[in-house]
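Good morning, and thank you for coming.

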Amino acid sequence: MTKFVQRYNLLRTVLFVLALLAFCGGLHAAQTEIVAPGFRPVPPGVHALVDAKVVVKPGETLDSATIIIRDGYIEQVGKDITPPADARVWNMKGMTIYAGFIDPYLALENKNEEKPDKKDLGLTGGGIKFFGINPQQRETEGPGYEVGVVTPERRMVRTFSPDPRAIEKLRELGFTTANIVPGKGIIRGTSAFVALSDAEPNRAIIKPDVFQHVAFDLENRKEDVYPESFMGVIAVVRQSFFDAQHYLLDQADYQKHANTRPRPAFNLAKEALAPATEKKMHVVFEPRDALLMDRAIRIAHELDLNFYMVSSGQEWRRPELAKAAGVPFIVPLNFPVLPKMPNDDDWSQVDLDELRAWDWASENAAVLRNQGLEIALTTYGLTEKKDFRKNVRLAVDRGLSETNALAALTTVPAKLCGLDNLLGTIEPGKQANLTVVNGKGYFDPEAKVQSVWIDGRFYRVPSEPEEGKEEKDTKAEEKKEGVKPETPEEGDPNKPKPDTKVEAKTSTKEDKPKDDKKQEEKEKKLAKLKELQKRLAHPPLEGRGVISNPPALLIRNATLWTCGPQGKLEHADLFVQDGKIQRIGAHLFENKDVPEKTTVIKGDGLNITPGLIDCHSHSMIIGDVNESTLPSSAMVRIGDVVNSDTDNIYEQLAGGLTVANQLHGSANPIGGQNCVIKLRDGEAPEDLKFAAAPQGIKFALGENVKQSNWGDKAVTRFPQTRMGVQTFFANRFTAAQQYLKEWADFNKSGGLAPRRDLELEAIGEIIQGKRLIHCHSYRQDEILMLMRLMEQFGVKIGTFQHVLEGYKVADEIAKHGAGGSTFADWWAYKVEVYDAIPYNASLMRDRGVLVSLNSDSSDLARHLNLEAAKSVKFGGTSEEEALKFVTLNPAKQLRIDQRVGSLEPGKDADFVLWSKNPLDSGTVCLETWIEGKKYFDYSLEPARAKALATERNDLIAKAKKLAKLSDADGSGDGSSDDKSFFRRSLEHMYDGRERHCLDEHEE
């Protein structure tokens, strides 16, 4: 009997527990929560949205469909669904419902953001190991990277505490979730994905760390702190990731050998980069320019990163470069705002590139999509978030399909953020995030966002009255009648409100004609606007690039200035095939023997020279010429910032230039790495590079490097004297020797590889004979100092640039084996060049120095032939030898004479056709050819100039018409205070301007 009672009691207990669990499960299913007194009750968790047009995903729509929401998730979606008995029913007739929109790149002002460490870190610069440089200012507190604007350890999830009004504005646009991104620095930290609800931040976080963010950003830089140039920014990114890779190896090695080796320094920044370096987290690059986009892509591949790109809005300039990325783009819709000019005459100051940027802007999203790239749209960069929908419509009008636009707001950003299992479509199991639009749909200008649902909770969007007065009257009537507005938790969104203003709403017969006329005028204006929205701007590379590329070319009966062993040939022929010079000489072919498909040019009266070569140029560089913040910037590379789109290329082709040595400036003793390019107009930056040219680097001596005349603030950076400059060179070369020894020991004995130091690596390549020195110099004493010092390290200098007192030490320069690349007749522009003379080039040549003439000027580079002619006048040099100063000799100095510099069989077919003797002041460059392709033709210039002028005039006329309709939707109107229209592209920032060794930063 006792056992029976025990079993009975046990059974009863089990049944009670099961009943209790079932009851608790029911409570959870209904999302019941008992809140403390005074808090708003938790709304019901089950909803049925019925009779709506439901866009399940882009391209898939259900009419008269029902969505069942339970506990913040979508339970069912489809037609002929019976709402559950416990559901609250919402009548959605006349509504279009989308998956909640996602902003993948949202920047929010945050009052609680970490404050920079403003402590003076001393003259050593906070980690950059050079004395006297301006201190780094950290963006975060505590241990960090040596460059203050590298803060990968920053996590937006730590400081997420948004302004409710900012969140509400995003909901008004239909957004329900967003990826909050860091807004300052170069390597900026990780973004956080959040719900745009009224929930507390802890509950709003959906994914704490989404992407690591990298921006090529100079806007918020501290003055005179490394980096201050785009090439410096890129060098920082490269070095930071290399450091992070080594840090992981170093830490792992320490764990294995903790008792036999020193403890490595802890570095939170390097540790934070681990997920990105190990390809566990995507890196989002924000390059801010079409050509820097190409560089960001190459950096990402060099560092072996998984990455996405943020559109600069400039990809229309180089769509093929964007296509080469092969990754999705996050696309801001911050279009340039059309200015209101005080006078019509002011339009004469607007250049064609500014007009093109304005006219192309709204088409950029379609351009990217047409390249087969996935795109996601963002509000990033918009001063007024409310402009987002207007700009989406402009993008749709200019070729972005509504299906692709919807995908860019839903499925694509969900996929990029790794949340496509929860967001992006209206399907069972997904979060109940919805965007509800009345009318025909989101892309209809007349439709309004009526509400959004976030985690199954309803948020009404304030209505936008057509007239401001109507909203005011409505509020007044509600107040008068005592009508209480609905809260987000109350009532059917379509339930009619009490009829408090029937009289005001009722139209009389007399009102209808007026209303009809007003509507008609509105429609006419919108039609005009839509017509004006059609693009008139041409692609920027139209009219540039290869003009002709014949399989073979024969120029007959011309004067050939070969600059080679054959000298000057009268009445000679030049035969080119496959981009190479095949034969030169008199009467190469009888007419019947000319190879098939050969283009024949009559050269009677024409002169042909090799393409001119500029051994010292800064014309084709994006951004600053100098990274002047450090005394050694050997890690920065001009090759990272080659400007393939500047007008300087075409203008210098018109002067017969075919090769240019792009050099870093002269602001520091050890400058950046140079890049030799061919002026292949129309090609991408990487395709301009002369692959056969040996690597080089810029050094400098004199007043610039010791910061003479830089102002009262520039008195701390070492070196400040000429003897300090010598000491600095000795220091860096000694350090590089030690660095090379570390690598030699590692290669011999193994173990942990040394940290890769890009500065010492470049200097080490000089010691190894892999990299040439091109040294800015003036005074004889400094020239002698550097030669003697470099000889101690077994280094021979490639060229002395400018070398204006070279004639005083020409014997020593010749003995050392350095070249001299000088000016033809620049002198007395500062104290250290008072002894410069126009005979310098000829005197050095007479003493056995290999001499060239350079420009150091975007203007002089257009007529280097006349610079050469000055040596005939001043120095008595023969015409043929003078021409070599700008052809064969610079080719020898750059070690590319096996390919260019003279007209010889087997060399590249780089040549110029001149109307007269090339050294005649009246000669005209008629044609410029590179590798057998014609890039400039003087005869085509009138038509080209006319076409550009016509395009510009048409765009100005369009802008003026739009300005008159500036009060209409989609006009792109603005005020004179908005400078976005006049923001010049980096490619054309320096067009028409001189660029020199001490070129200043463009503000």
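Is cysteine 925 buried or exposed? Cysteine 925 counts as buried, at 4% relative accessibility; buried means under 20% relative accessible area, exposed over 50%, and partly exposed in between, with a 1.4 Å probe and protein chains only.

This is a predicted model, in which local features need pLDDT of at least 70 and side-chain atom pairs count only at pLDDT 80 or more, while totals for chains, interfaces and linings use all residues. Residues are numbered from 1 along each chain as its sequence is written, and side-chain values use heavy atoms, with hydrogens and water left out.

Cysteine 675 is also buried, with a relative accessible area of 8%. The structure holds 0 disulfides, a disulfide being a pair of cysteine sulfur atoms within 2.5 Å.

Let us turn to helix α21, residues 758-767. Helices are DSSP runs of H or I with at least four residues, strands are runs of E with at least two, and both are numbered from the N terminus. Of the 10 residues in α21, 9 are buried, among them Leu758, Glu761 and Ile766. Their cover includes α5, α20 (722-749) and strand β29 (771-777), where contact means heavy atoms within 4.5 Å. At the N-terminal end, aspartate 757 caps α21, with a side-chain oxygen 3.0 Å from the backbone nitrogen of glutamate 759. Just after the helix, glycine 769 takes a positive phi of about 80°.

Finally, phenylalanine 388 is in contact with several residues beyond its neighbours within four places in sequence, including Leu173, Phe175 and Tyr442.

Note on methods
A polar contact is a pair of N or O atoms within 3.5 Å; within protein, one must be able to donate a hydrogen and the other to accept it, and residues adjacent in sequence count only if both atoms are side-chain atoms.
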